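Please read the numbered points alongside the sequence and the model.

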There are 2 protein chains.
Amino acid sequence: MSEKHDTVTCAVLVIGDEILSGRTKDRNIGYIAEYLARVGVEMREARVVPDVEEEIVAALNALRARYDYVFTTGGIGPTHDDITADAVAKAFGVTIDEDPRAMAVMMQRYIPSDLTPARRRMARIPAGADLIDNPVSKAPGFRIGNVIVMAGVPSVMQAMLDHAVQGLRTGTVMLVETLEAGGLPEGRYGVALGEIAAARPDVGIGSYPSFANGKFRNSIVVRGKDAAVVAETKAAVEAMIERLSGDNKPL
Amino acid sequence: MSEKHDTVTCAVLVIGDEILSGRTKDRNIGYIAEYLARVGVEMREARVVPDVEEEIVAALNALRARYDYVFTTGGIGPTHDDITADAVAKAFGVTIDEDPRAMAVMMQRYIPSDLTPARRRMARIPAGADLIDNPVSKAPGFRIGNVIVMAGVPSVMQAMLDHAVQGLRTGTVMLVETLEAGGLPEGRYGVALGEIAAARPDVGIGSYPSFANGKFRNSIVVRGKDAAVVAETKAAVEAMIERLSGDNKPL
């Protein structure tokens with residue numbers, strides 16, 4: 001990408017045995033990717049790890065050293081398998097205790113006799129973290145350093161992300177153009193598209209087949225930060241599609 | 001887990017810019033996880049990486065050293081952004097060339113004049129790999145060492161997985177019992193469930209909230225390989241749910 005454009009990167013760390021067993025299908029990676037792309041934060045990696053402290057710590061330390069931000073989902077509820085907050089504290093080498101700010105938020109939802117020991121676990125926040133609002137069910141997420149810790153339930157995660165994104169540094173938003181190659185097969189345009197891509201190192205070009213009713217259909221996506229370069233690339237791809245679609249050969 | 005049970009592990013490596021941009025929502029991780037769990041292969045980690053050779057090589061080498069099997073999805077089509085086969089060859093330190101077996105398979109679908117240079121890219125297979133059938137669109141996947149390389153389009157991946165799974169070593173299938181805690185909140189049963197879990201190191205117990213129509217509902221999942229232990233744990237959790245549901249306290 002051209003140097004006049006800023007790039008801010010992130011990774012997502014999904015924490016939970018239920019994703020790895022297939023019981024729960026992750027819907028957070030795609031949501032976060034799309035949401036952050038719109039504000040100028042580019043997802044570069046995602047990982048799913050089990051509810052095992054050393055796995056969470058190792059993955060978090062690898063990712064937070066490498067990307068501008070890391071977003072975690074899952075493992076901040078009130079049960080024994082919710083170990084994310086403790087793992088994050090360990091990764092950062094800080095203490096973790098019941099946080100008065102988090103307790104104050106929880107008391108908006110629960111009367112004192114309902115603040116069970118399990119629920120009080122959700123007020124355990126690593127030292128030095130800022131809280132992230134949870135308008136759905138109060139128990140907060142938090143941010144420490146470049147790590148944003150959110151719930152795993154999609155509706156709660158999404159509400160937390162709305163709040164967390166306000167404090168982020170953002171880069172130039174990637175411009176995206178999608179062109180439908182329709183029934184023109186990848187095998188017919190692969191070489192020509194590769195030449196278009198090779199000549200334009202400042203844009204990313206992807207070709208994405210989908211398969212339904214016994215047929216492949218293809219989309220070509222052009223992504224870049226410079227509007228003129230993206231527009232010129234789009235025109236080149238359109239011209240290629242038109243030229244090859246006119247061929248007499250069977251598709 | 002008890003030593004009389006075999007454990008076979010795997011990881012999934014999803015390859016593709018389109019997943020990290022959010023354009024395409026991954027449906028392969030969950031499918032593979034659930035499918036392999038049923039035959040006795042436990043997914044322990046998943047990663048999503050971009051179409052960048054060194055990223056694919058690094059992730060693949062990390063995962064294949066650590067788990068019994070690695071399943072990759074994506075990046076084996078005919079366009080310039082399909083670089084998985086070359087990256088896998090590099091990770092294994094082997095050569096990659098047009099494979100006569102793969103060409104023979106492709107010729108079942110394409111007449112010679114339609115075997116474009118782009119399509120011939122799909123016949124590039126790392127040295128020493130076995131082919132994996134693709135009944136949907138012919139261009140094969142492959143297996144090299146403990147790495148199984150599959151397409152990214154879900155229907156094609158699923159067909160390849162049906163074939164690939166036949167050659168796998170499998171372990172004891174995990175037994176799974178799901179109990180509905182219904183509207184009983186996690187905050188009410190968290191401590192009791194934690195005690196049940198702590199007393200039974202041979203089973204995994206998870207508590208999973210979902211949120212719809214303004215309400216949380218919870219499921220408790222018991223997972224283990226010994227039928228008697230799973231049954232005893234299930235009974236203990238059921239008794240706990242019944243006891244706590246009978247409390248007079250507001251939920």
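1. Two residues are in contact if their C-beta atoms, placed from the backbone, lie within 7 Å. On that basis, residues 24 or more positions apart account for 68% of the contacts in chain A with a separation of 6 or more. The model is a predicted one.

2. Chain A contains 9 helices and 11 strands. Its radius of gyration is 23 Å, well over the 18 Å given by the globule rule for 251 residues, so chain A is more spread out than a compact globule. The C-alpha trace of chain A spans about 75 × 45 × 30 Å along its principal axes. Of the 251 residues in chain A, 48% are buried.

3. An open sheet of 12 strands, with mixed pairing, runs in the order β6(A)-β7(A)-β8(A)-β3(A)-β1(A)-β2(A)-β2(B)-β1(B)-β3(B)-β8(B)-β7(B)-β6(B). At its edges are β6 (130-132) of chain A and β6 (130-132) of chain B, each pairing on one side only. From one strand to the next, the twist averages 20°.

4. Within chain B, strands β1 (residues 9-15) and β3 (residues 69-73) run parallel and are joined by 5 bridges. Here V14(B) stands opposite T73(B) in β3(B).

5. Helix α2 (residues 28-39) of chain A has 12 residues, which should span 16 Å at 1.5 Å a residue; the end C-alpha atoms are 17 Å apart, which agrees. Buried residues in α2(A) include I29(A), I32(A) and L36(A). Their cover includes β1 (9-15) and α7 (154-164) of chain A, as well as α1 (17-20) and β2 (42-49) of chain B. After α2(A) comes G40(A), with a positive phi near 100°.

Notes:
Residues numbered from 1 in each chain as written. Chains lettered and ligands numbered in written order. Predicted model: local features only at pLDDT ≥ 70, side-chain atom pairs only at ≥ 80, totals over all residues. Pairing = 2+ DSSP bridges. Helix = DSSP H or I, 4+ residues; strand = E, 2+ residues; numbered from the N terminus. Axes fitted to C-alpha atoms, helices over the stretch in contact; angles between N-to-C directions. Expected span 1.5 Å × (residues − 1). Buried ≥ 20, exposed ≤ 12 C-beta atoms within 10 Å, placed from the backbone. Rg over C-alpha atoms; globule rule 2.2 N^0.38 Å.
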